[in-house]
Amino acid sequence: MLKRLCLILVLCLLLTACSAAQTPPPATSPSCADGHIDAGNDGFCDRCSAFLLVMVDFYALNDIHGKLADADTHPGLDELSTYLENAKQTDDHAIFLNAGDMWQGASESNLTQGRIMVDWMNEMGFAAMAMGNHEYDWGKTPVEENAQFAQFPFLAINIYDRETNQQVSYCKSSTMVDLGQVQIGIIGAIGDCYSSISSDKVTDIYFKTGSELTQLVKREADMLHEAGADFIVYLLHDGLGSSKSGTVSDSMLRSYYDPALSDGYVDLVFEGHTHQKYVLTDSHGVYHLQGGGDNEGISHVEIAINIANGNTSVTTAELVETRVYAYGEDHPIVEELLDKYADQVDKGNEILGTNSYNRNNKYMQQLVADLYYEAGEAIWGDEYDIALGGGFISIRDPGYLAAGEVTYKMLYSLFPFDNQLVLCSIQGKDLLDRFYNTTNNRYFISYGEYGQYLEQNIDYNATYYVVVDSYTSLYAPNKLTEIERYDAQIFARDLLAQFARAGGFENY
Ligand SMILES: [Zn+2]
Ligand SMILES: [Zn+2]
């Protein structure tokens, strides 16, 4: 019945169109109000000459990793805020999106567990954010609380609760941006990066990946199309492992994205997680973009949607490099937010001591292993003979400790993760394989006389005790059995802060 009514309506429209064609109507012909025609697809109504293209500009960020404030190693978001604000003024429709990993990685954000970044996105008017693996670095509670606070949805179609087998309640699968004449559907998903999250932070959830994820996205895209979406954007916290340009083959894409989704389901993909810069098209002509992370370039795509025939085309697809926006004017929003969160954030500015020379990554990683061993001895040494301290010690931005004043913020940037100290037991053979003789150059160990003795005289079947951080203890191949966790909120950066306060970095 409905179909028949529609048919009659279309016939009526066609009839009016034909009769109108003899005498060209004025430019604002009321007869065109709901029925422009653009047979030649030139963007103008064949009858009333009205301009039929709705232009939409997407600005997508990825992997900002908390880089809100200016630092020696990266620009803050104050100039980017100005750039985005200008886009909002000059573009007909500007939509701000991000593909995840927004919070973890700089003290201003970490000390607020991401809240200050969410506040920034609220103020800038973001339409959606896809969940990244690092959003879980403080567990589930800050994610839930930040989701409540956010004025935009957190998107992850594939994060599920283990107990209920339902999608987690703080994420949505998609959102629709209503621009009046056109509707933009946005779907978000997290990539296959569950194992990159410290497992104790995500015990109660799992990610649907592979063909399951494809099915979810297809179904969601169908629903959005039915609800009137003219164009569908996919925010995916995953991407190509290396940077390239031009077109990307289906086989390369398959490592993280099902090319079948480009066949009528999603029209544009903003990616993240791998921190690789690229603007690519796939075999279906769908664009895939990613910026370099840490505020190193953002993705910009402009599309034109023809409201007469629904045709869409990409008119611009570019990576806006940092140098394009990072020298503009400072937007006051960043200073305002730093003021607003001063109680939490100021801890980062505390001067802990001075550092007599630039200390490189290996020095700092070894120092953390030494401090793990010393702290372990102090906490558990009376009760246990501790063989060694250390583990997989990864270092972040900028990879070295600069000479001069040492602030908590600098140490935070180098060692941002909240990994607790853990006392573990391990079999002699594993202790030798995984720690003393490891070939992984990111493992660092430290020991005293007893550890030195063991290195030469280990009993393969005996049980020994080590002190590592929770990231190392939870990594199953290490074959560690946890005995006790040090409960205090003391992490690598805090041990380094104590070391700095005691003048440790003043030595040569
Ligand atoms: Zn990242
Ligand atoms: Zn990531």
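A residue counts as buried if 20 or more other C-beta atoms lie within 10 Å of its own, as exposed if 12 or fewer do, and as partly exposed in between; the C-beta atoms are placed from the backbone. By that rule strand β2 is mostly covered: five of its five residues are buried. Strands here are DSSP runs of E with at least two residues, helices are runs of H or I with at least four, and both are numbered from the N terminus.

This is a predicted model, in which local features need pLDDT of at least 70, side-chain atom pairs count only at pLDDT 80 or more, and totals for chains, interfaces and linings use all residues. Residues are numbered from 1 along each chain as its sequence is written, while chains are lettered from A and ligands numbered from 1 in the order in which they are written.

Start with the sheet. Six strands form an open sheet of mixed pairing, in the order β4-β3-β2-β1-β14-β15. The edges are β4 (154-155) and β15 (312-320); each has a single partner strand, so one side of each lacks a neighbour in the sheet. Two strands pair if DSSP finds at least two bridges between them.

Now look at β2. Residues 94-98 make up this strand, which pairs in the parallel sense with β1 (residues 53-61) over five bridges. Phe58 has Ile95 as its bridge partner in β2. Tyr59 stands opposite Phe96. Between β1 and β2 the chain passes through helix α2 (residues 78-90), and this β-α-β crossover is right-handed: with the strands pointing away from the viewer, the path from the first strand over the helix to the second runs clockwise. On the β3 side (residues 128-130), two bridges form a parallel pairing with β2. There Leu97 stands opposite Ala128.

The side chains of β2 point two ways. Ala94, Phe96 and Asn98 point one way, Ile95 and Leu97 the other, and all are buried.

A nonpolar core is a set of buried Ala, Val, Leu, Ile, Met, Phe, Trp, Tyr and Cys residues joined through C-beta atoms within 7 Å. The largest has 86 residues, of which Leu97, Leu235 and Val266 touch the most other members. A second, separate core of 46 residues includes Phe415 and Leu480.

Finally, confidence. The chain averages a pLDDT (the predictor's confidence in each residue, from 0 to 100) of 92, and 94% of the residues score at least 70.
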